[in-house]
Amino acid sequence: MIYGARLRQAREFSRLTQRAVQVEIGVSQSRWSSAESDAYELPEIALSKFADLTGFPTSFFERPPRIELSGDPLHFRSRSTVSKAELRQAERAGEIVFEAAAYLQSQLDGPRLVLPTEPASETTRLTGLLRQALGLTPTEPARDLLHLLEHAGVTVVAVPAAATRKDAFSVWLDDRPFVALLETEAGDRQTWSLAHEMGHLLLHRGVGASRALESEADDFAAELLLPPAALSKEMPQHPTLQDFAMLKRRWRVSIAALIRAARRLERIDDDRYHSLFRQMSARGERLREKAAIAPSKPRGLRAMAEVLYGPTPVRGLADVMHWTLEFAEDVMVRHATAEELPFRRERADTVVSLDSRRKGTR
Ligand SMILES: [Zn+2]
């Protein structure tokens, strides 16, 4: 049996409209639409053409999808509108890779979830509790937030999709927090997005997306990444762009975020604030900042696959998920090997604190 939801998943991941499918494989739009709602059985030849078109094996479509994100409140870090097709592609990519992570987790003992459980308490208190849970002091920069979150039981995956000015989204699945990272070139944006998504996960669980929630999540990110008490000691009285670039290297957030923090700390007034942003624009740095920080790769998915399928887990992962080797490789290269971990190398073997024992065999 072919699952209609899989057809839709692969089609939207490949950014194909039903009309495009009709053109490419010769199945009418209405038939195709019926196939996606399990009301029409697609002929084998059409399925095979569609599989070629989207780059998934035909067996992929014979397995029921375990995760469907439509209907869940997906909070996208959002400052501008994004095309619906891009958004759907990212969501479908998230479903496909989350499914792999959830499956591998079901085979292994993963890390215990150690996030603060207090519901929607005041932001400053919540970011303090989260820092504590992650093993950060109240004043140190969260230099490796991504891997600290993985240690704390947050499932973070990198997905083969990009969306304009979107870097991440998050969702609770079976009482576990999942974050998908989209393609990005800027490590500081990636860190901010992660912190922002943690805001959504902890403050907005089960709440639908809205603009107000976006600014709450950004306030959460600011408190978490730039604790005012610590930053005020380091922020000069009259900070220049040069100062902001130095602070960026240390705190790993964008110069833009630091300028906003400086205004909150009242080290700069509104005129200076706007003038700093004008200077950045004039230098072409509004979109591509100086003092670039490379993004980092999550480790957990690859670590789990290595435990189950050995040091080169692409084939094992492809087999079990019914992916092509190319797709499995594309997912794996977005996840760090132990050698690729940037900081806390001494903890590399325990990132995501995986046991090498399978569940139930200890
Ligand atoms: Zn958001």
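**Before you start**

This is a predicted model: local features need pLDDT of at least 70, side-chain atom pairs count only at pLDDT 80 or more, and totals for chains, interfaces and linings use all residues. Residue numbers start from 1 along each chain, following its sequence as written. Helices (H or I, at least four residues) and strands (E, at least two) are DSSP runs, numbered from the N terminus.

**Stop 1: the sheet**

Select 155–158, 168–173 and 176–181. Which order do the three strands take in the sheet? The order is E1-E3-E2, in an open sheet with mixed pairing. Strand E1 (155–158) and strand E2 (168–173) are the edges, and each pairs on one side only. Ignoring direction, neighbouring strands here are turned by 20 degrees against each other on average. The axes behind such angles are lines fitted to C-alpha atoms, for helices over the stretch in contact, and angles run from 0 to 180 degrees between N-to-C directions.

Strands of a sheet pair through backbone hydrogen bonds, either parallel or antiparallel. Here, two strands count as paired if DSSP finds at least two bridges between them.

Now select strand E3 (residues 176–181) with E2. They pair in the antiparallel sense over six bridges. Find Val 171: Phe 178 in E3 stands opposite. E2 and E3 form a hairpin with two residues between them. In the turn, Asp 174 has a positive phi of about 50 degrees.

E1 and E3 pair in the parallel sense over four bridges. Val 157 has Ala 180 as its bridge partner in E3.

Is E3 enclosed or in the open? Five of its six residues are buried, so E3 is largely enclosed by the rest of the structure. A residue is buried if 20 or more other C-beta atoms lie within 10 Å of its own, exposed if 12 or fewer, and partly exposed in between, with C-beta atoms placed from the backbone.

**Stop 2: a covered helix**

Select 300–309. This is helix H14, mostly covered, with seven of its ten residues buried. Among the buried ones are Leu 301, Arg 302, Met 304 and Glu 306. What covers them includes helix H5 (84–107), helix H7 (145–151), E1, helix H15 (314–321) and helix H16 (325–332). Step on to Gly 310, which follows H14 and has a positive phi near 95 degrees.

**Stop 3: an open helix**

Select 270–282. This is helix H13, with 13 residues. The number buried is one, so H13 lies largely in the open. Check its span: at 1.5 Å a residue it should be 18 Å, and the end C-alpha atoms are 18 Å apart, which agrees. The expected span is 1.5 Å times one less than the number of residues. Just after H13, Gly 284 takes a positive phi of about 70 degrees.

**Stop 4: two crossing helices**

Select 4–13 together with H5. The axes of helix H1 (residues 4–13) and H5 come within 8 Å and cross at roughly 125 degrees. The contact is made by residues including Gln 9, Glu 12 and Phe 13 of H1 and Arg 88, Arg 92 and Ile 96 of H5. Contact means C-beta atoms, placed from the backbone, within 7 Å. H1 and H5 are therefore oblique to each other. Angles under 35 degrees count as roughly parallel, over 145 as roughly antiparallel, 65 to 115 as roughly perpendicular and the rest as oblique.

**Stop 5: single residues in loops**

Most residues other than glycine have a negative phi, and most peptide bonds are trans.

Select Glu 266, in the loop between helix H12 (255–264) and H13. Its phi is positive, about 60 degrees, although Glu 266 is not a glycine. Glu 266 counts as exposed, with 8 C-beta neighbours inside 10 Å.

Go to His 322, in the loop between H15 and H16. His 322 also has a positive phi of about 60 degrees without being a glycine. His 322 is partly exposed, with 16 other C-beta atoms within 10 Å.

Finish with Gly 110, in the loop between H5 and helix H6 (123–134). Gly 110 is buried, with 22 other C-beta atoms within 10 Å.

Note on methods
Two residues are in contact if their C-beta atoms, placed from the backbone, lie within 7 Å.
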